[in-house]
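Hi everyone, thanks for making time this morning. Let me put the model up on the screen, and then we can walk through it together.

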Amino acid sequence: MGDSNRVSNKLTVFASGQGSLLEAIIDSGIKIELVLCDRPCRAISIAKQNGIKTELYERKDFTKSFNREAYSQEVLKIISEYKIDLIAMAGFMTILSADFFKNYQGVILNSHPALLPAFKGHDAVAQALRSGKKTTGCTIHKATAEVDSGEILAQAEVPILPGDTEATLHERIKQKERVLYPALLKKLLSNNI
Ligand code: GRF
């Protein structure tokens with residue numbers, strides 16, 4: 001990761017869903033400054049139960065006229081108040097503006113449920129199932145304005161088994177993500193100056 005291998009320790013996790021990756025990060029003992037969510041979800045409760053500060057900046061508009069710029073500006077404002085150094089996206093379902101990424105260049109990570117560059121996008125698991133391949137996996141990468149395209153930092157392979165549904169395959173992938181993501185975050189945070 002070059003210079004951005006050295007990150008300070010104010011970590012935020014962005015989540016929108018079940019929060020099982022968040023849970024794994026918490027269970028690994030990593031200190032999280034803030035959990036930010038774009039909708040009411042289990043991840044918020046997990047954070048609260050663990051005494052982590054939360055911000056629910058709710059996205060109300062899921063149409064084409066969603067004001068991505070304004071939403072992202074507000075998220076920027078929130079995390080700058082917490083003096084965040086590292087952002088770990090863990091199932092965060094809103095694509096943020098290019099300007100957002102400019103402000104936190106090199107210190108935004110994401111976990112994607114496929115072996116990038118294969119199967120980019122929100123339906124990565126379904127794409128893998130449809131592909132007829134025997135393996136897929138997960139990728140931890142730097143997140144950039146271009147979705148699922150930043151530098152790859154870690155990957156793990158997962159078999160696609162006969163009879164798999166999207167749910168069973170996704171759960172098998174998430175089992176890997178729950179190990180890989182905390183391990184990588186630990187490594188980055190221990191390189192702290
Ligand atoms: C993970 O598979 C992640 O790769 C994807 O969303 C899922 C999050 O799972 N972007 P959870 O909400 O943490 O259980």
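Pro117 is placed in the loop between strand 5 and helix 5, where helices (H or I, at least four residues) and strands (E, at least two) are DSSP runs numbered from the N terminus. A cis peptide bond links Leu116 to Pro117, with omega about 10°. Phe119 is also found in the loop between strand 5 and helix 5, and its phi is near 55°, a positive value in a residue other than glycine. As a reminder, most residues other than glycine have a negative phi, and most peptide bonds are trans.

A quick word on the ground rules. This is a predicted model, in which local features need pLDDT of at least 70 and side-chain atom pairs count only at pLDDT 80 or more, while totals for chains, interfaces and linings use all residues. Residues are numbered from 1 along each chain as its sequence is written, and side-chain values use heavy atoms, with hydrogens and water left out.

Now, the ligand. Which residues surround the ligand? Among them are Gly17, Gln18, Ser20, Ser111, His112 and Glu177, where near means a heavy atom within 4 Å. By class, this shell has two nonpolar, eight polar and two charged residues; Ala, Val, Leu, Ile, Met, Phe, Trp, Tyr, Cys and Pro count as nonpolar, Asp, Glu, Lys and Arg as charged, and the others, Gly among them, as polar.

For polar contacts, we take pairs of N or O atoms within 3.5 Å. A ligand oxygen is 2.9 Å from a polar backbone atom of Gly19. On the side-chain end, a ligand oxygen lies 2.7 Å from an N or O atom of His170, and one lies 2.7 Å from an N or O atom of Lys174. Alone, the ligand exposes 370 Å², and the protein buries 89% of that (Shrake-Rupley, 1.4 Å probe). Helix 6 makes the largest contribution to the shell, three residues.

And where does the ligand sit? The space it takes is the largest pocket, with more than half of its atoms within 2 Å of the grid points. A pocket here is an open set of points on a 1 Å grid over the protein atoms alone, where a 1.4 Å probe fits, with protein on both sides within 12 Å along at least five of seven lines; lining residues have an atom within 4 Å of a point. The lining has 40 residues, with Gly91, Phe92, Met93, Asn110 and His122 nearest the centre. Helix 6 again gives the most, with four residues.

Methods:
Polar contact = N/O pair within 3.5 Å; in protein donor to acceptor, adjacent residues only side chain to side chain.
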